[in-house]
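I opened this notebook to keep track of what I looked up, one entry at a time. The structure goes in first, and my entries follow.

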Amino acid sequence: MAEAGRRRGPTGKPRYSIFALARNALSYHENWQAAWRSPEPKPSYEAIVVGGGGHGLATAYYLASVHGMRKIAVLEKGWIGGGNTGRNTTIIRSNYLWDESAAIYEHALKLWEGLSQELNFNLMFSQRGVITLAHSEHELKEMRRRVEAIRLNGIDTEVLSTSDVKKLVPIINTDPGIRWPVMGGFIQRRGGTARHDAVAWGYARAADDLGVDIIQNCEVTGFLKDATGAVEGVETTRGTIRSRRIGCVAAGHSGVLAALAGFKLPIQARPLQALVSEPIKPVIDTVVMSNAVHMYVSQSDKGELVLGAGTDSYNSYAQRGSMNIIEHQLAAACELYPIVSRLRVLRTWGGIVDTCPDASPILSRTPVEGLYFNCGWGTGGFKATPGSGHVFADLLAHGKPNAIAAPFGLERFQGGYLIDEHGAAGVAH
Amino acid sequence: MLLIPCPWCGPRDDAEFAYGNQAHLARPADPSATTDAEWAEYLYFRDNPKGPFAERWMHAAGCRRWFHVVRDTNSHAILQVYKVGEWPDPAVLGGKELS
Ligand SMILES: Cc1cc2nc3c(=O)[nH]c(=O)nc-3n(C[C@H](O)[C@H](O)[C@H](O)COP(=O)(O)OP(=O)(O)OC[C@H]3O[C@@H](n4cnc5c(N)ncnc54)[C@H](O)[C@@H]3O)c2cc1C
Ligand SMILES: [Zn+2]
């Protein structure tokens with residue numbers, strides 16, 4: 001039964017709305033439609049996206065919505081959003097130093113600002129502000145310089161004094177005698193957080209609506225190439241699937257996929273851990289990061305304090321890391337926020353991040369014709385999800401990078417034009 | 001968490017060690033004779049296998065000596081520990097000959 005005002009894609013899904021919620025409440029929420037289908041893979045597609053994280057699903061969505069493609073598959077070895085998309089600490093910001101980074105992260109932030117409406121899915125996008133602390137005279141000077149550079153790119157950011165920080169974050173310890181005293185910081189007020197799972201689900205539902213086949217439990221195990229060496233399909237745990245346009249968006253496993261395709265990437269797989277405390281009443285309504293002590297915190301809507309840190313030092317695909325990282329981050333948390341000292345840790349977990357020498361992503365053609373990679377987002381790609389998908393879809397559709405993607409090609413490692421965000425981003429979440 | 005057997009001090013928590021990444025890399029003998037691609041390969045491109053990996057570690061909070069470990073990056077199992085100047089057992093590396 002068609003109702004007025006409902007968007008219907010090829011699969012005929014009704015819109016989510018307050019009326020739908022009320023209507024479904026009457027039937028005890030037993031009649032909600034599946035948010036996406038679980039189709040069998042077709043023998044061939046116009047485009048294949050390998051990896052069903054936020055970036056891969058966004059790529060598929062924009063291939064369909066912006067570029068009008070219809071025969072698209074997303075192949076995911078586990079379940080969608082089960083990788084770093086569902087493991088990250090959801091910090092969103094665009095206050096990067098270099099022009100190239102500013103362009104891609106700000107493109108993403110602008111998309112975030114209208115995304116819940118566009119996808120008809122509540123992403124719980126909350127622009128609660130992101131503060132980065134300075135703990136030394138040098139850091140403060142460097143921050144002032146960085147703030148000016150960021151503002152020149154038209155991105156909102158302000159320097160904060162210690163008392164500004166204290167006003168925004170009453171639980172912070174501003175005692176000048178601590179090991180890493182709070183000497184000020186800077187804030188991006190348009191930054192914030194979003195619900196990570198919802199990002200995967202929202203893109204998946206909207207992409208499915210436009211006919212994209214989302215195929216889970218389907219691991220890519222090899223690439224098929226024609227006589228000229230161009231890609232013509234993939235081998236998977238669910239059979240051979242053909243396409244001459246394939247985009248790999250596999251985060252930590254990018255190196256494994258590149259090896260299957262016969263080339264190397266300048267990427268290392270490292271564990272990145274995070275943890276949450278038991279839930280408490282609201283104590284912090286913004287995000288506070290610190291590069292010097294490698295610890296950052298925000299509070300989830302459920303009340304848990306969400307704490308992150310830096311990566312473990314060694315290569316790993318095990319989705320777990322070492323205890324000393326957690327110990328270090330908790331020590332810093334107790335000194336900066338003394339009220340947390342008696343909280344219990346509810347759970348810790350790890351994801352495998354794809355770290356790149358210049359801490360910037362790779363969106364690129366590859367030595368294999370028709371095969372593209374979007375990877376290297378490392379510890380900080382969640383914030384970029386919409387922008388990354390949007391720009392990568394453009395690359396897949398046209399076979400050449402647009403102005404935002406162009407600086408992020410693999411050629412930069414030979415040409416020497418690195419986009420070095422290491423110093424600029426520190427803990428680059 | 002890793003328990004790394006330092007060849008000099010015995011098994012210790014990985015918090016005591018510094019990581020040196022891929023082992024047995026050789027700096028090009030004549031850097032100015034390399035192509036841009038070869039130099040980029042040497043500077044930025046490292047093996048990144050899911051499985052056995054020959055890597056360097058340094059016992060930073062102990063004897064401060066460098067040594068080699070073959071470690072499975074998927075299971076974290078330590079498969080071989082050997083000193084600088086020695087080579088890994090190809091059988092441990094799944095048949096891959098490094099030397
Ligand atoms: C603990 C932690 C905290 C983080 N905090 C932040 C933060 O606060 N802010 C921020 O911006 N970023 C953060 N990040 C980084 C961010 O999570 C990632 O950069 C981002 O999620 C990458 O998105 P993705 O969609 O590419 O990856 P993923 O969600 O990992 O998706 C990749 C998918 O590819 C699939 N795949 C792999 N191999 C294959 C194969 N052979 N065949 C089929 N499918 C395959 C995987 O199963 C996976 O689902 C954090 C990461 C971690 C681990
Ligand atoms: Zn030792």
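Predicted model: local features only at pLDDT ≥ 70, side-chain atom pairs only at ≥ 80, totals over all residues.

**Entry 1: charges across the two chains**

I looked for salt bridges between chain B and chain A and found two, where a salt bridge is a side-chain nitrogen of Lys or Arg within 4 Å of a carboxyl oxygen of Asp or Glu. One pairing I noted joins the side chains of K264(A) and E41(B), with 3.2 Å from N to O. Residues are numbered from 1 along each chain as its sequence is written, chains are lettered from A and ligands numbered from 1 in the order in which they are written, and side-chain values use heavy atoms, with hydrogens and water left out.

**Entry 2: the interface**

I then looked up contacts, meaning heavy atoms within 4.5 Å, and found 24 residues of chain B touching 25 residues of chain A. The two chains bury about 2,100 Å² between them, with 52% of it on carbon and sulfur atoms; buried area is the accessible area (1.4 Å probe) that two parts lose on being put together, summed over both. On the chain B side, Y44(B), F45(B) and N48(B) lose the most area to chain A, together 30% of what that side buries.

**Entry 3: the zinc ion**

Which atoms hold the zinc ion (ligand 2)? I found C6(B) (SG), C9(B) (SG), H59(B) (ND1) and C63(B) (SG) at 2.0 to 2.4 Å, donors being N, O and S atoms within 2.8 Å of the metal (3.2 Å for Na, K and Ca). The angles among the four donor atoms are 104 to 121°, and the site is tetrahedral, a label given to four donors if all angles lie between 85 and 135 degrees. Along the chain, the donors follow the spacing C-x2-C-x49-H-x3-C. C9(B) lies in the loop between β1 (3–6) and β2 (10–13) of chain B, and C63(B) in the loop between β4 and β5 (66–72) of chain B, so this pair ties together parts that are 54 residues apart in sequence. Strands here are DSSP runs (E, at least two residues) and helices likewise (H or I, at least four), numbered from the N terminus.

**Entry 4: salt bridges overall**

Searching the whole structure, I counted 23 salt bridges over all chains. One of them joins the side chains of D213(A) and R37(A), at 3.2 Å from N to O. This pair links distant parts of the chain, 176 residues apart, with D213(A) in strand β8 (residues 213–215) and R37(A) in the loop between α1 (18–26) and β1 (47–50) of chain A.

Terms used:
Tetrahedral: all angles 85-135°; square planar, octahedral: opposite > 155°, others 65-115°.
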